[in-house]
Amino acid sequence: MSNTMYNKMWHQTQEALGALLDKEPQKMVEPQRNQVFIFQTLATFYIKYVQIFRNLENVYDQIVHPQKRILIRKVLDGVMGRILELKNEMVELELTEFHYFDDILQDLKLAPQQLDIPIPKYFLKEKLEVIKGREKILAQILADSGIDTSDMKYPVKSIPLDQAVKLIQIAERARQGRLRALFMKQIYLQEYRAKQSKTLGKKVTDTWAAALCIQKVWRRFRQCKTTEKLREEEMIFLGMNPPPLFNEVSATVIQAEKVDRLRNEVQMKHEEDYRDALVTIKNDLKLIEGLDIKENLQDQIRHWFIECRNLTGTFPDYPDIEEGGSAIIFSNKTIQQEEDEKWKMSPSLFLPAMKEGCNTYKEIWMNKDESWNFSQDFDPELIKEEKRKELESEIRVQVDELMRQELKNLKLAVDREREHSAKVGKKKKKKGKKGKKKEKKTKKDKDLTADRTIESLYKELVEEGLLIQALKVNLSDYIGEYSYLGTTLRQVSIEPMPSLLDVRQLITLYGIWPLGSAAVHEKAPLVKSLLLAGPSGVGKKMLVHAICTETGANLFNLSSSNIAGKYPGKNGLQMMLHAVFKVARQLQPSVVWIEDTEKTFYKKVPNAEKMNEPKRLKRHLPQILKLLKPDDRILIVGTTRRPFDAELQSFCKVYQKIILVPRPDYASRYVLWKQIIERNGGVLTSALNVSCLAKVTDGFTQGHIVKVVKAVLTDQRIRRQIHKPLTAVEFITAITSMNPVYKEEEESFKNWYAKTPLGKKRALAITGGSTEKAKDKGKRKEKKEKKAKKKK
């Protein structure tokens, strides 16, 4: 796709965003009591913003004009933040983390796949060198300390020489035995064929009967092949089967990838040229226009002196540097205009940035003639406008010094009340200084490692195993399917289990977006901690590693089993947490992972685990969360397969967002079986009934499916696929030895979630109540009980 096409896409997206920004305040201000109508309004805006985001993200990734990219990035961050705000509103309205838009998508004529939220590519592209450098350092530290992760995959065990000789002898005898057996088989077959030929030679053969028999067999074989081909063509026509060469990479795709790489190189070159031009153009302006700007400023300020003298009879006081100098004299009108705009704005923190971006687009880019700029390099005139303002502000500081002296000389010559004004000025300055001194007195947290560098702390945490290397797993590898009946089930008062792609979207919204973008993290609804609860094998650990991979975040492991015996004592624990969060802040974004986090909040610690002190972090986690600020891109992620073992109240205080990760449903299992078999070298044919396989394996998790596929698809089995295609029976036989997630376990997770704060509110909402009514009922009951006690 050419630059012209991406420019066209940008213009269309900006127009759609402008229309949406005009419509949103009108809809949101209108008072409504109908909860269904409010949700549909919010959901419609959410879906439309997602579509705008998808287009803008694509445009930002591919467009090469450096000044356009700055504006697009600003709008892109604003749209991301607004999506998160709308998501937060929907959660508070529906009292659930999972929402279903089947009916709205149908009205907007959109497929569920178009609601998928992409991860901006600039999260990694813009700091690729930093991430690669950090990975090299981490790998080097691990290698130096003997914890090389590359060797851990293939451990080599040394064995005694005599045992090794025996193994080689056994293998050699087995090889010779196989060869001998094959040789004897060939001799037997030769003898058998000789006997057969002697017996058949005596009989008189009917050539016509033999020909007829051969024709029947051939026609049957040919008809079977024709029927199979017709059936395959019909299935392709109906869209049930993919067309031939569907999975093969076409030449067009290869060419598109090549163009993308070239476009990225052009992007980087244009960015470098733009940064260089910012310096050179400013220097040129300083030489050419610097004197004119200085003279114009002096003339404006002198004119102001004369105006004030004519109106008041005295010369004015010159504004201080802290107030902005002479710039404040000519900026009263703009301040008033800004106040009026703020008063009209929506309470959203991201709408102003988006509106400003849209206004900039309309003023500069909407009708701009770019016929001269075919290569889409920077526009020097725009840089000149920007740098003129910078240059003016720099020259203004020098001019202010000169004009202050000039005003002082004028006052000495003309103004007789100079002594009184000087005394007033001194008092003001003294008062200002006192105020500043008071402001400076603020408490600072003690730095326990003030004498140490971040590099040394980083190395120590790696060696202690607290900072670990994240696995290279993309979020797209978390395979699943959409829930197509969510709205229908809720309409008949049945709460649907979330689909795997619903979980994936929440991970993007609550984990990846805020960690990837500092602008979004600072203003969006702040999510400091996240809990992933679900049975073993549903991919909780994989999601944690995916967050780190997609954002380039550091991964700290503070699981109770990992910190057992490390940094002992109260002071040791304090030092450990200080070091972890100091490094996490300095090298943000960072993820702090607590595996089996229910152990930190045990109701009762089992005797076998008392020595490990699993509850070491229980008191400290709430304090840490309070210290995390919006500019700290740190996310605490807990994973648990037994949340019911934890003390619920303290558990829910620490984890702000709780996501229940379910076992895969039929649709997700169908997609999982297909993709995991293909990724492990399997070939899907009509002999393999994937639908039957997905139905039979109800209750089994992604972990089970991966293990089974790897166990069945050995190197030998992959080679034999040409002669013997894969069948469902092979996989079913392998999975019979595993225990599925039974309904009782799934129900226990549902019951536990119903006791969490959001779960309780949702249960009340379903039964027709509300949280406020529930509180009122509780207070009334307490009052009645107190009255009854008093009477007794």
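E370 counts as buried, with a relative accessibility of 18%. The cut-off for buried is under 20% relative accessible area, so the 18% of E370 places the residue in that class. These values come from a predicted model.

E370 sits in the loop that runs between α12 (351-365) and α13 (380-414). Its side chain makes a polar contact of 2.6 Å with the side chain of K68.

Strand β5 covers residues 634-640, and I634 is found in it. I634 counts as buried at 2% relative accessibility. Leaving out neighbours within four places in sequence, I634 is in contact with L515, H521, K528, F581, A584, R585, S590, V592 and L628. For A584, the C-alpha to C-alpha distance to I634 is 6.9 Å, although the two residues are 50 residues apart in sequence.

T639 also has its place in strand β5. At 4% relative accessibility, T639 counts as buried. Beyond its neighbours within four places in sequence, T639 is in contact with L531, L532, K540 and V544, and also with W593, I594, E595, D596, T597 and E598.

## Cysteines

The structure holds zero disulfides. C213 is partly exposed, with a relative accessible area of 46%. C224 is partly exposed as well, and its relative accessible area is 39%. Buried means under 20% and exposed means over 50%, so C213 at 46% falls in between, and so does C224 at 39%.

## Enclosed cavities

Rolling a probe the size of a water molecule over the atoms shows where empty space is left. In this model the count is two cavities of 30 Å³ or more. The largest cavity has a volume of about 120 Å³. It is lined by 14 residues, and those closest to its centre are L84, L509, Y510, P525 and V527. Three helices, α3 (66-94), α17 (500-516) and α18 (518-523), each supply at least two residues of this lining. Of the elements involved, α3 gives the most to the lining of the largest cavity, with four residues. By class, the lining of the largest cavity comprises ten nonpolar, two polar and two charged residues.

The second largest cavity holds about 50 Å³ of space. Its lining is made up of M497, G534, P535, L660, V661, P662, R663, V741, E746 and F749. Seven residues of the lining of the second largest cavity are nonpolar, one is polar and two are charged.

## The largest pocket

The largest pocket contains about 1200 Å³ of space. Its lining has 27 residues, and N241, P242, L684, T685 and S686 lie nearest its centre. The helices α9 (207-238), α24 (666-679) and α25 (690-696) each contribute at least two residues to the lining of the largest pocket. With six residues, α9 gives the most to this lining. The lining of the largest pocket divides into 13 nonpolar, eight polar and six charged residues.

Conventions
Residues numbered from 1 in each chain as written. Predicted model: local features only at pLDDT ≥ 70, side-chain atom pairs only at ≥ 80, totals over all residues. Heavy atoms only, no water. 1 Å grid on protein atoms, 1.4 Å probe; cavity = no way out; pocket = protein on both sides within 12 Å on 5 of 7 lines; lining within 4 Å. Points joined across faces, edges and corners; volume = space filled by probe spheres on them. Nonpolar A, V, L, I, M, F, W, Y, C, P; charged D, E, K, R; others polar. Disulfide = S-S within 2.5 Å. Buried < 20%, exposed > 50% of the residue type's maximum accessible area, 1.4 Å probe, protein only. Polar contact = N/O pair within 3.5 Å; in protein donor to acceptor, adjacent residues only side chain to side chain. Contact = heavy atoms within 4.5 Å.
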